[in-house]
Amino acid sequence: MSFHRLFLSVLILLLTGTACQTRYRPRTLAYDSRLVQKIAPDSAMLRFLEPYSAKVGATMYDVIGRLEKDLQKQSPDGSLGHFLADSYLEMARRKFDPAVQVAFINSGGVRVPAIQSGSLRRGTIYEVMPFDNLLVILNVTGVQLQEYLDHIASEGGGGVAGLTMGIKGKKAVDVKVGGRPLDPAATYVMANSDYTVGGGGGYQGLKSLPSRKTGYLLRDATIEYCLSFHQKGEPVPVPLEKRITNVK
């Protein structure tokens, strides 16, 4: 009898043998550290996954765009974060709501420090955004947008599209949406991540607001955004203007 079958048989015997016994509730828990030895790869599982792995691996090398300058993750103002936010804003407008005005990516959601200029491959976008976060669209008042921007300021910045702002005393100042000063009484249409809207990253202010869950992966938004330029033979735009500045 193999080890796995023996283990299963013993487990069943223990469960059935104690089914009618008195149940006890432990009062204390004790932990013991154990060294886990390296386990040999399962050859059968590797053979099963091989055709899928080869297919997925091949698509990761697909060129989806061309960058003429490096994209950098920097605080408070980084071209990599703004590039991602630009892709969310543009694709949200194209696919779901042309009225979307602003888009965001939290700094923690950007998982690489830079993307080098030259050919941009699909796999690079997966490295930048390895999580299956989804695009969410919601309406916010000017007051709610200001509060969210204050959170971004307290975190030292992030990726933004559709607005500019300064950071002073960990607060957002001189906010302009579409080139106009933020109006506390106005309503703005925001594109963001389901992670952020759901309270991820520590901000709870958007969680209770009605939102439109698109089911559209942020990663796919960026890939399709890049492909739209690549198919026209154009480089992917690199944000060069300052969108977030530290104010003394």
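**Close-up views of a predicted model**

**Figure 1. Helix α5 and its packing partners.** The buried residues of α5 pack against the strands β3 (102-105), β6 (134-141), β8 (163-168), β9 (171-177) and β11 (187-193), and also against helix α6 (194-197). The structure shown here and in the views below is a predicted model. Those buried residues of α5 are G142, L145, Y148, L149, D150, H151, I152 and A153. Helix α5 covers residues 142-154, and because its 13 residues should span 18 Å at 1.5 Å a residue, the 18 Å between its end C-alpha atoms agrees with expectation. Just after α5, G156 takes a positive phi of about 90°.

Figure 2. The largest nonpolar core holds 35 residues, of which F83, L84, Y88 and I115 touch the most other members. Two or more residues come from each of β1 (63-67), α3 (79-95), β3, α4 (122-128), β6, β11 and α7 (218-230), and the largest share, eight residues, is given by α3. With residues up to four places away in sequence left out, Y88 touches A103, F104, I105, M129, L135, L218, A221 and T222.

**Figure 3. Helix α7.** The 13 residues of α7 reach 19 Å from the first C-alpha to the last, which is close to the 18 Å expected at 1.5 Å a residue. Buried in this helix are L218, R219, A221, T222, I223, Y225, C226, S228 and F229. Among these residues, L218, A221 and T222 are touched by Y88. An α-helix has 3.6 residues a turn, so residues three or four places apart point the same way.

**Figure 4. The largest cavity.** A search of the whole structure finds one cavity of 30 Å³ or more, and about 100 Å³ of space lies in the largest cavity. Its lining is made up of 14 residues, and those closest to its centre are K73, Q74, S107, G158 and G159. By class, the lining of the largest cavity divides into two nonpolar residues, 11 polar residues and one charged residue.

**Figure 5. L209 in a loop.** L209 is found in the loop between α6 and β12 (211-217), and because its relative accessibility is 14%, L209 counts as buried. Leaving out residues up to four places away in sequence, L209 touches L138, N139, V140 and Q144. Between L209 and G198, which are 11 residues apart in sequence, the C-alpha to C-alpha distance is 9.8 Å.

Figure 6. Most residues other than glycine have a negative phi, and most peptide bonds are trans. The peptide bond that joins S75 and P76 is cis, with omega of about 0°, and P76 lies in the loop between β2 (71-72) and α3. K170, a residue other than glycine, has a positive phi near 60° and is found in the loop between β8 and β9. Because its relative accessibility is 59%, K170 counts as exposed. D174 is placed in strand β9, and although D174 is not a glycine, its phi is positive, at about 50°. With a relative accessibility of 59%, D174 counts as exposed.

Key. Residues numbered from 1 in each chain as written. Predicted model: local features only at pLDDT ≥ 70, side-chain atom pairs only at ≥ 80, totals over all residues. Heavy atoms only, no water. 1 Å grid on protein atoms, 1.4 Å probe; cavity = no way out; pocket = protein on both sides within 12 Å on 5 of 7 lines; lining within 4 Å. Points joined across faces, edges and corners; volume = space filled by probe spheres on them. Nonpolar A, V, L, I, M, F, W, Y, C, P; charged D, E, K, R; others polar. Helix = DSSP H or I, 4+ residues; strand = E, 2+ residues; numbered from the N terminus. Expected span 1.5 Å × (residues − 1). Buried < 20%, exposed > 50% of the residue type's maximum accessible area, 1.4 Å probe, protein only. Contact = heavy atoms within 4.5 Å. Core = buried A, V, L, I, M, F, W, Y, C linked by side-chain atoms within 4.5 Å.
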